Amino acid sequence: MMSVTDMRQGPAADHERTARELASRVSPATVIRRDEPLARHTTLRVGGPADVYVEPANEDDLAGMVRFCRERAIKMLVLGRGSNLLVRDGGFRGVVVCLAQPPFSRIEIVGETLRCGAGARVKNVALEAKRHGLSGVEFLEGIPGTVGGALRMNAGAMGGETFDAVESLRIMDEGGNTREMAPREMAVTYRSCATLKDHIALGAVFKLTTAPRDVIERRMKAYGEKRWASQPAAPSAGCIFKNPKTIPAGRLVDELGLKGACVGGASVSAEHGNFIVNDGSATAQDVLKLIGLLKAKAKAGRGIDLETEVEIVGED
Ligand code: EPU
């Protein structure tokens, strides 16, 4: 029979040791948890646990954590609201960091700019701009993510993309050093900012213009109505695929007659062909199999290679 000491060996003991050592490098206000279920932190509501989950109390603690991970070659994943993320069922071997504490979520209006932390909700950025009669980020109204996530993915909606409105960003590199960057210095493409694969966005300055509040309000209302009419309310990760150049992915899936196709608890939304929804019982494996099926049908039926927009991370 195993002794208590024996039982504490293995992965669980490793996570405990990592968490303990990390705790000695940061202030007590930093939240550190072991084996945190990531399904709780993603809008699709699937995915296994993170070995270690951290909510840094401030930038110094974040820098301490980044250096700790680099020294030990521990993989790190920065989590926003988890609205564009598919975590595999085996979870994430490494440290997941979430900028959920208040110092990372400030939103401040300075003249015709809006300065905010990476942990701020994108929706609140749009609402705060509207409150001050500032236009330029109305399209962010319905994106269910954080500023950091929106920057990493160059998230977009209603014809606008996040980087269209960004004047500058603060970022942290793998050594824990911070600096300001202009969008032109960064690798930004449709639904991606490659620079933020190995840098952490800390915040952004959005450039806006003065406009009558009722005009901004009407525009945001129209966007909201379009979204509610065409996108599902059930748990999802937003659009699963990037739009191919020749046809929107949702229309393609629709034309192929694949709305309603399902694997386990995951199905293609009846409202929009580029959304996979979770009926509450889906696993990451169900979603991945359904993605595979849609890709195969698109290739066989139209010769189109669908490319996922959602970030897929973790172990099977
Ligand atoms: N369509 C269909 N059937 C469907 C879905 C769409 O025929 O099931 C048609 C629509 O009628 C429309 C076209 O396909 O003519 C495009 O659809 P939609 O206007 O809904 O936009 P989309 O290209 O599918 C993009 C973004 C969304 C964003 C919307 C609204 C991508 C991959 N997606 O969707 O972003 O909310 O525009 O502006 O670029 C996301 O990135 O997660 C996301 C949801």
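User: Is Ser168 buried or exposed, and why?
Analyst: Ser168 counts as buried because its relative accessibility is 14%. Buried means under 20% relative accessible area, exposed over 50%, and partly exposed in between, with a 1.4 Å probe and protein chains only.

User: What kind of model is this?
Analyst: This is a predicted model, where local features need pLDDT of at least 70, side-chain atom pairs count only at pLDDT 80 or more, and totals for chains, interfaces and linings use all residues. Residues are numbered from 1 along each chain as its sequence is written, and side-chain values use heavy atoms, with hydrogens and water left out.

User: Where is Ser168 placed?
Analyst: Ser168 sits in strand 11. Helices (H or I, at least four residues) and strands (E, at least two) are DSSP runs, numbered from the N terminus.

User: Which residues is Ser168 in contact with?
Analyst: Leaving aside neighbours within four places in sequence, Ser168 contacts Glu180, Met181, Pro183, Ala204 and Val205. Contact means heavy atoms within 4.5 Å.

User: Now the largest nonpolar core. Which residues touch the most other members?
Analyst: Leu140, Val147, Leu151 and Phe206 do, in a core of 32 residues. A nonpolar core is a set of buried Ala, Val, Leu, Ile, Met, Phe, Trp, Tyr and Cys residues joined through side-chain atoms within 4.5 Å.

User: Which elements supply this core?
Analyst: Strand 7 (113-117), helix 4 (122-131), helix 5 (147-153), strand 11 (166-172), strand 15 (200-207) and helix 6 (213-230) each supply at least two residues. Helix 4 gives the most, with 4 residues.

User: And what does Leu140 touch?
Analyst: Not counting residues up to four places away in sequence, Leu140 touches Val122, Lys123, Val125, Ala126, Thr162 and Phe206. There is also a second, separate core of 26 residues, with Phe241, Ile247, Ala249 and Val310 among them.

User: Back to strand 7. How many of its residues are buried?
Analyst: 4 of the 5 residues in strand 7 are buried, leaving the strand mostly covered.

User: Which strands does it pair with?
Analyst: Strand 7 pairs antiparallel with strand 6 (residues 107-110) over 4 bridges. It also runs antiparallel to strand 15, joined by 5 bridges. Two strands pair if DSSP finds at least two bridges between them.

User: Which residues stand opposite Thr113?
Analyst: Val110 has Thr113 as its bridge partner in strand 7. Thr113 also stands opposite Lys207 in strand 15.

User: What lines the second largest pocket?
Analyst: The lining has 16 residues, with Cys116, Gly117, Arg170, Leu202 and Gly203 nearest the centre. Strand 15 gives the largest share of the lining, 4 residues.

Technical notes:
1 Å grid on protein atoms, 1.4 Å probe; cavity = no way out; pocket = protein on both sides within 12 Å on 5 of 7 lines; lining within 4 Å.
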